[in-house]
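Below are some notes on the model you sent over.

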Amino acid sequence: MDNIFEQMVSKYIVQTQDDKLNAYHEVMQEIILSALQRSGFFNKAAFYGGTCLRIFYKLPRFSEDMDFSLLKTEVDFSLEPYFDAIVKEFKALGREVVINKKAKKNFSQIESAFLKDTTEVYNVEFKTERTVKIKIEVDTTPPLDFCTENKLLLLPYSFMTRCFTLPNLYASKMHAMLFRNWKHRVKGRDWYDFEWYVRNSYKLNFSHLKNRALQKGYSEDKEFTVAVFKKLLRERITNTKINMVINDVKPFIKNTIVFDIWSTDYFLQLVDMILFE
């Protein structure tokens with residue numbers, strides 16, 4: 001069965017170490033999804049975030065982590081009962097992995113500034129190549145007003161994954177762009193995804209964004225409206241150094257010529273082009 005793993009890796013053009021790491025990350029992500037589907041995980045959870053965009057909606061950048069949301073609050077949820085399925089899936093393809101739950105006391109200040117106390121975090125990594133690591137986050141108290149759909153993958157076998165729809169993925173991304181507190185480590189991938197949503201004329205589910213903002217991030221007395229959202233977004237753009245944004249996302253992009261137009265003014269103009277459901 002090892003040939004299936006190699007078949008999955010062979011889809012990628014690997015010319016640099018970054019290329020190899022990105023390819024291995026994505027193959028691992030798809031195998032994890034197949035294991036979770038096989039074990040019934042998607043009966044109670046959905047996939048969202050940049051990796052979901054990359055795998056199922058053809059976002060032209062690579063992504064490292066995997067984000068999941070329960071469909072309804074379950075504060076005592078644990079991913080650990082699904083560990084065996086993930087380990088067995090990799091073993092069937094000739095690879096061995098280890099899975100560890102990250103203790104909340106070990107979260108860095110950067111992570112704890114954005115992750116909720118009810119977010120469970122796990123690491124999956126190859127036993128022999130520990131640099132290839134996938135961080136899995138599961139939101140056990142999800143903000144509501146989101147919709148999901150089933151999306152197909154053909155390898156390592158044909159299966160469906162429950163995913164957030166694009167308007168809701170857009171909402172979760174804009175929440176991250178607004179409220180993620182990265183201090184000196186700007187998450188340029190958020191900015192890349194924002195540009196991609198606008199370029200493709202996708203619509204944003206503002207109701208879900210508002211629920212996310214009120215649950216974590218927005219604490220002002222004034223109602224969180226579209227106008228307030230755009231004002232905060234413009235402030236975030238104006239107060240961020242574009243070179244730091246580019247440096248973060250560049251390893252995940254093959255065609256770096258796209259950054260030639262990136263500037264504060266460019267992103268401010270994108271704000272005016274946001275479409276809503």
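**Notes on the predicted model**

1. Lysine 135 and glutamate 137 form a salt bridge, with 3.4 Å between the closest N and O atoms. The model is a predicted one, and this distance is computed from its atoms. Lysine 135 has a relative accessibility of 14% and therefore counts as buried, the cut-off being under 20%. Glutamate 137, with a relative accessible area of 13%, is buried too.

2. How many salt bridges does a search of the whole structure find? The count is 19. Two further pairs, both involving helix α7, are taken up in the next points.

3. Aspartate 190 pairs with arginine 180 in a salt bridge whose closest N and O atoms are 3.0 Å apart. Aspartate 190 belongs to helix α7, while arginine 180 sits in the loop between α6 (166-179) and α7, so the bridge ties together parts separated by 10 residues in sequence. Are the two partners buried or exposed? Aspartate 190 counts as buried because its relative accessibility is 2%; arginine 180, at 12%, counts as buried as well.

4. Arginine 189 forms a salt bridge with aspartate 248, and here the closest N and O atoms are 2.9 Å apart. The pair links distant parts of the chain, 59 residues apart: arginine 189 is in helix α7 and aspartate 248 is in helix α10 (residues 242-249). Both arginine 189 and aspartate 248 are buried.

5. The crossing in which α3 passes α7 is left-handed.

6. On the surface, Leu152, Leu154 and Met160 form a nonpolar patch. Together the three residues have about 300 Å² of accessible area. Methionine 160 is located in strand β7 (residues 159-164). With a relative accessible area of 42%, methionine 160 is partly exposed, because that class lies between the 20% limit for buried and the 50% limit for exposed.

Conventions:
Residues numbered from 1 in each chain as written. Predicted model: local features only at pLDDT ≥ 70, side-chain atom pairs only at ≥ 80, totals over all residues. Heavy atoms only, no water. Patch = residues over 30% accessible without salt bridge, like charges linked within 9 Å, V, L, I, M, F, W, Y side chains within 5 Å. Areas by Shrake-Rupley, 256 points an atom, 1.4 Å probe, with all protein chains shown as cover. Salt bridge = Lys/Arg side-chain N within 4 Å of Asp/Glu carboxyl O. Helix = DSSP H or I, 4+ residues; strand = E, 2+ residues; numbered from the N terminus. Buried < 20%, exposed > 50% of the residue type's maximum accessible area, 1.4 Å probe, protein only. Left-handed = near helix turned anticlockwise from the far one by under 90°.
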